[in-house]
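The paragraphs after it go through the parts in turn.

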Amino acid sequence: MYEEINRTFVDHITLVEIVRKELGEAIISVANQLTDALDNGHTILLCGNGGSAADAQHFAAELT
């Protein structure tokens, strides 16, 4: 049981490192674009269906 839990944590850490290395700059770029849009009075539209709708609602709450 311990090995299974440990492997899950190691897998998660590995994935986070891959995302950081490969997508870190893109995430910062998108965050800057969203910030600029809001600062300039623009509207950000979010949508989804099912679970994606819940994600969109959560993201909208984070922005406010």
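A residue is called buried when its relative accessible area is under 20%, exposed when that area is over 50%, and partly exposed in between. Glu-17, with a relative accessible area of 32%, is therefore partly exposed. These words return several times below. The model is a predicted one.

Start with the whole chain. The protein chain contains two helices and zero strands. Its radius of gyration is 17 Å, well over the 11 Å that the globule rule gives for 64 residues, so the chain is more spread out than a compact globule. Along its principal axes, the C-alpha trace spans about 50 × 30 × 15 Å. Of the 64 residues, 5% count as buried. The chain exposes about 5,700 Å², and carbon and sulfur atoms supply 59% of that area.

Now take helix α1, which covers residues 2-39.

Side chains of opposite charge can pair when their charged atoms come close. How many salt bridges are counted in this model? The count is two.

One of them joins Arg-7 and Asp-11, whose closest N and O atoms are 2.7 Å apart. A salt bridge requires a side-chain nitrogen of Lys or Arg within 4 Å of a carboxyl oxygen of Asp or Glu, and the 2.7 Å between Arg-7 and Asp-11 meets that cut-off. Both residues lie in α1, four residues apart, which is about one turn of the helix. Arg-7 has a relative accessible area of 47%, so it is partly exposed.

Another salt bridge joins the side chains of Glu-17 and Arg-20, at 2.6 Å from N to O. Glu-17 and Arg-20 are three residues apart in α1, again about one turn of the helix. Glu-17 was placed above as partly exposed. Arg-20 has 49% relative accessibility, so it too counts as partly exposed.

The surface also has a nonpolar part. Met-1, Ile-5, Phe-9 and Ile-13 make a nonpolar surface patch of about 480 Å². Ile-13 belongs to helix α1. Is Ile-13 buried or exposed? Its relative accessible area is 52%, and because the limit for exposed is over 50%, Ile-13 is exposed.

The last stop is helix α2, made of residues 51-63. Ser-52 lies in this helix. At 41% relative accessibility, Ser-52 is partly exposed. How far is the C-alpha atom of Ser-52 from that of Ile-27? The two atoms are separated by 19 Å, and the residues are 25 apart along the chain.

Definitions and conventions:
Residues are numbered from 1 along each chain as its sequence is written. This is a predicted model: local features need pLDDT of at least 70, side-chain atom pairs count only at pLDDT 80 or more; totals for chains, interfaces and linings use all residues. Side-chain values use heavy atoms; hydrogens and water are left out. Patches are made of residues with over 30% relative accessible area and no salt bridge: like charges are joined within 9 Å, nonpolar side chains (Val, Leu, Ile, Met, Phe, Trp, Tyr) within 5 Å. Accessible areas come from the Shrake-Rupley method with a 1.4 Å probe; for residues, only the protein chains shown count as cover. Buried means under 20% relative accessible area, exposed over 50%, partly exposed in between (1.4 Å probe, protein chains only). The radius of gyration is taken over C-alpha atoms; the globule rule is 2.2 Å times the number of residues to the power 0.38.
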